[in-house]
Amino acid sequence: MTLGLLALQSIRSRPRSWIVGLLAAGAAAVLTVGVALVASIHDGTRRTLIESGAGHLQVYDARSPESPLLVFGPNGPPTLEPFADYPAVEALVRGVEGVREVVPLEVNRATVFRGNYLDEMLAALRAVVREPPSPERDARLARRAEDLEATLRRVAREAARHADAFTVGAEHEEDRRALESVLAPGFQQRFLAEPLPTLELLENRVARQLGEGEAVELDLMGTELPRFARAFPRVEVVTGQLPPEGSRGLMLGHGAWEQNFKLPIAWRLDEVSRGLARGATLAGDEGLRTLVERNREDVPELVSRLEQEQATALRAALERVQGHPGALEALLEDFLTLDDATFAPRYAAFYQELAPHLPLYRVKPGDTLVLKGSVEPSPGVPVRVWGTYRFKGLGGDFSRVNITSLVDLVTLRHLTGRPTRAEREETRRLVASLGLAGASVDASPESLVLPTIEDAPAAPARQDTALTRAEGPPPTFTDEEVRSGSILHAAVVLAPDAPADAVAARIQELATAKGLSLKTVGWEEAGGFVGGVVGMAQVLLLAIAALISFFVLLVATGTLLLLARERVAEVGTLRAVGMHRREVFVVLLAEGLVLGFVGGAVGAGLGAALILGGAGGGIPVEDAALQLFLGGPVLVPRLEWAHAVAVVVGVVGVVAGAALLPAWRGSRVAPLVAMRQGGE
Amino acid sequence: MSPKSMLSACLAALLLSLPASAAETQKAPDPGAQEVLRLIDKRLSFASDYKGVVRMREIRKDGVEMAIELQVYRRDSHQDLIFLITQPKHMAGGGFLRIGKNLWEYNPVIGQWERTTRRGNIVGTIACEADFDRSRLAEDYDATDEAPETVNGTVFRKLLLKAKPGSEVAFPVMRLWVDADHNIVKRVGHAPSGKVLRTDLIRGYQRVKDPVSGNLVYHYKEVLEMESEEGTRLVVRYEDVELAPLSANIFTKAWIEGRTR
């Protein structure tokens with residue numbers, strides 16, 4: 001007690017020792033806030049992953065060379081072995097206490113190709129030509145022929161301008177002449193009389209002048225959609241509806257829909273609007289000005305995409321908005337010439353007045369998209385788009401989870417080239433009927449064997465018989481078809497209080513007992529690089545804590561050593577009046593402990609006040625990528641008292657460590673030497 | 001030297017040189033590497049239109065098997081080409097149409113045509129467009145000789161081919177092993193880094209009479225293609241080859257659409 005009082009008195013009488021306390025307070029404040037932030041990131045990422053499809057656990061076949069990854073990188077999805085008996089796996093997992101839902105999953109990537117705008121226009125015309133003859137079809141064809149002629153004349157003008165400005169090759173010149181010949185007087189009559197040859201010529205000689213078109217990549221999560229929506233209640237349908245049970249279909253991530261299928265002019269206007277909302281200005285931001293400029297450059301293409309009726313209605317709307325008459329292209333270019341003063345009213349007018357007359361989205365609910373597997377090349381798989389969705393509250397529309405699209409497992413299986421049972425049987429039959437049974441695939445790539453040379457048998461002239469056109473995968477499937485096919489992994493959603501580790505252990509135990517080849521991974525591992533961010537944040541926090549501790553240790557040790565040297569005479573006196581060396585050591589160490597505790601407690605309190613007061617309501621986060629890691633658009637640092645106590649204990653430990661050396665050296669001073677130094 | 005002895009010496013020299021000259025006239029010098037490519041192209045090219053059936057069996061490393069039958073139509077004079085899938089059922093009617101520089105892919109399920117730049121992985125296999133097209137090695141590649149290989153007493157000439165700038169080829173670098181008659185025995189496609197992408201063993205050729213040129217031309221009969229990265233293997237059989245004029249309007253979208261019902 002006396003020793004403690006001595007320590008307190010010493011601290012009070014030496015304000016320089018308070019430096020150590022201040023250091024401890026600073027370190028504790030920074031670490032308290034840091035720990036709360038890391039805890040928030042951990043919670044946010046955990047929420048994002050668990051509630052966007054990863055579930056608490058992922059179960060997969062133990063023979064797989066890799067484990068499930070819901071967020072995969074450029075190398076594509078992991079290689080997984082399908083379950084040998086998925087129904088048995090599902091029954092086993094469902095039987096474990098704490099398991100609320102089991103959802104079969106598979107992730108992959110697909111590509112959607114689109115031609116340039118003339119390709120699309122000609123394809124639409126071809127579809128009309130194919131229709132059975134009727135007065136309605138003829139009228140539609142005539143209208144479209146009129147639109148086509150207007151577009152072709154625009155393309156011809158552009159081609160001529162291009163040829164005047166640049167040196168063009170002979171082939172380009174030939175294509176240009178082909179276009180001019182098509183556009184000779186009487187185009188529409190000729191086209192309506194014989195549409196197919198003209199279409200062939202335009203498709204092969206003219207459309208390619210406008211470029212190759214583009215490919216859109218889609219991240220896909222294959223699942224049983226209705227069950228997925230029930231298991232993950234954050235799924236919110238934005239447009240359209242979920243496919244009914246047993247129907248093949250695609251739900252586009254709302255962000256993916258906006259990014260990839262929206263009219264480019266509208267998308268760029270949205271981008272500018274978002275930029276201005278962040279506080280940028282058109283005058284000061286070159287990137288935003290470029291978007292505005294590109295919109296003006298795109299006007300001819302947009303006008304070319306419009307049908308006659310749309311163009312007429314759009315022109316009327318523009319004349320109303322602009323308050324004067326004019327040609328459609330000129331009016332639109334004028335409307336899209338924007339600055340900071342005109343943007344807001346024009347942006348509002350675009351959606352209110354113009355958008356109803358524009359093809360705002362290239363793909364709408366109810367349309368069919370042809371998906372192509374990008375990892376395994378496959379023929380396109382047509383699938384109906386049922387709507388768009390987002391994960392409510394998990395980041396903005398353009399966060400990683402909201403640009404992932406949901407698709408049924410049967411479609412995804414076709415995309416990855418994994419054959420159905422019927423297709424496997426057909427292959428077996430074909431190998432025999434096509435005489436391929438003896439076509440061996442066994443040979444060493446190193447081998448060199450002289451090829452056989454034979455005279456081809458005289459082939460009788462064959463007639464080309466009509467083929468029965470492939471029908472593609474049917475639009476519906478049975479439950480049995482999904483479950484008996486290859487399923488790669490499944491998400492396990494637990495009840496709120498169920499411990500994931502215990503459930504995983506129980507699944508493993510039961511699987512071993514029943515001879516099922518199963519493994520589980522947690523949400524953090526299944527989250528791939530998103531889950532890895534939590535670990536990285538924790539490592540970063542540890543590194544910062546280590547740096548701070550080292551700094552505190554150095555400065556506190558130096559300060560306390562200096563103070564100990566100044567107190568040599570005092571220590572000598574204390575020793576002379578009978579204080580033991582051990583007691584001197586305890587007094588000096590106690591000073592460090594008290595400074596560390598008081599500083600640490602004050603600092604932790606300060607940090608807590610900062611969290612509760614400064615950011616109690618949360619910090620809004622604009623960036624969609626960050627929102628993903630924080631589990632939503634608001635960062636709410638989570639203060640836990642246990643964390644604060646741990647910070648204080650840590651700080652006290654560091655300061656006590658720093659006080660050890662000065663206390664030891666101070667206690668080693670001999671009374672006689674100390675008093676002599678004091679006298680000097 | 002006397003005139004007599006000079007004459008004798010000349011005769012002796014002439015006699016000594018005779019066997020060498022005879023040997024030289026019997027064995028023409030080996031053609032250069034680029035010339036070999038031209039010879040290969042010539043042997044594999046037809047002046048007539050071409051129609052044939054290709055049957056393929058592909059086995060992936062994971063054991064998944066695929067059997068495909070397609071009809072191939074070619075008019076090399078215009079670089080026009082059609083692959084029309086006839087089997088299996090779920091792909092029937094689909095195919096590719098090349099007219100000049102355009103390559104179109106047809107999806108029969110929704111009747112959609114798509115302009116594509118994909119020259120590889122035709123019909124979802126490891127085969128590429130060039131496997132069914134006119135041989136154009138000399139146009140696309142520059143060749144140099146590498147050290148020949150001898151297997152079981154047979155010498156194979158080995159050529160290193162590098163794509164010419166601007167040529168559109170599936171493999172930027174290739175190695176060919178050719179036999180004494182300039183038949184390709186093996187070809188290995190490499191990435192620019194030198195990594196092996198695909199190895200093909202040509203198991204057989206068939207000789208066909210070209211009715212236009214009157215020449216006997218060579219065509220592949222069976223080729224084994226081995227893809228390196230995924231370990232997929234594909235046997236390609238070329239059957240029912242007909243060299244005869246094709247209908248004038250065959251290389252059109254309308255013709256392909258009309259083949260299916």
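Which strand of chain B is joined to strand 9 (residues 452-455) of chain A, and by how many bridges? In this predicted model, strand 9 of chain A runs parallel to strand 11 of chain B, and four bridges join the two.

**Figure 1. Strand pairing between chain A and chain B.** The close-up shows strand 9 (residues 452-455) of chain A beside strand 11 of chain B, a parallel pair with four bridges. Within this pairing, A:Ile453 has B:Tyr205 of strand 11 as its bridge partner.

**Figure 2. The interface of chain B and chain A.** Chain B contributes 83 residues to the contact and chain A contributes 67 residues. About 6400 Å² is buried between the two chains, with carbon and sulfur atoms giving 53% of that area. On the side of chain B, the residues that lose the most area to chain A are B:Arg57, B:Arg115 and B:Arg261, which together account for 11% of what that side buries. The interface holds nine salt bridges. It also holds 32 residue pairs in polar contact, counted with both residues at pLDDT 80 or more. Strand 11 (residues 196-209) of chain B gives the most to the side of chain B that touches chain A, supplying nine residues. Sorted by class, that side of chain B comprises 36 nonpolar, 20 polar and 27 charged residues.

Figure 3. A:Lys372 belongs to strand 6 (residues 368-373) of chain A. This lysine counts as buried because its relative accessibility is 4%, below the 20% limit for that class. The side chains of A:Lys372 and B:Glu114 form a salt bridge, with an N to O distance of 3.5 Å. A polar contact of 2.7 Å links the side chain of A:Lys372 to that of B:Glu105.

**Figure 4. Strand 1 of chain B and the strands paired with it.** Strand 1 (residues 50-59) of chain B is largely enclosed by the rest of the structure, because nine of its 10 residues are buried. It pairs in the antiparallel sense with strand 2 (residues 65-75) of chain B over 10 bridges, and B:Arg57 has B:Ala67 of strand 2 as its bridge partner. In the hairpin of strand 1 and strand 2, five residues lie between the strands, and B:Gly63 takes a positive phi near 95°. Strand 1 is also joined to strand 13 (residues 233-243) of chain B by nine bridges, again antiparallel. There, B:Lys51 is partnered with B:Glu242 of strand 13.

**Figure 5. Salt bridges within chain A.** A:Glu101 and A:Arg227 form a salt bridge in which the closest N and O atoms are 3.4 Å apart. The pair links distant parts of the chain, since A:Glu101 is in strand 2 (residues 99-114) and A:Arg227 in helix 9 (residues 225-231), 126 residues apart. Both A:Glu101 and A:Arg227 are buried. A:Glu120 is partly exposed, at 25% relative accessible area, and A:Arg305 is partly exposed at 27%.

Figure 6. B:Arg38 forms a salt bridge with B:Glu35, the closest N and O atoms being 3.2 Å apart. About one helical turn separates B:Arg38 and B:Glu35, because they are three residues apart in helix 2 (residues 33-44) of chain B. B:Arg38 is partly exposed, with a relative accessible area of 44%, and B:Glu35 is partly exposed at 33%.

Conventions: Residues numbered from 1 in each chain as written. Chains lettered and ligands numbered in written order. Predicted model: local features only at pLDDT ≥ 70, side-chain atom pairs only at ≥ 80, totals over all residues. Heavy atoms only, no water. Contact = heavy atoms within 4.5 Å. Buried area = accessible area lost by both parts, 1.4 Å probe. Salt bridge = Lys/Arg side-chain N within 4 Å of Asp/Glu carboxyl O. Polar contact = N/O pair within 3.5 Å; in protein donor to acceptor, adjacent residues only side chain to side chain. Nonpolar A, V, L, I, M, F, W, Y, C, P; charged D, E, K, R; others polar. Pairing = 2+ DSSP bridges. Buried < 20%, exposed > 50% of the residue type's maximum accessible area, 1.4 Å probe, protein only.
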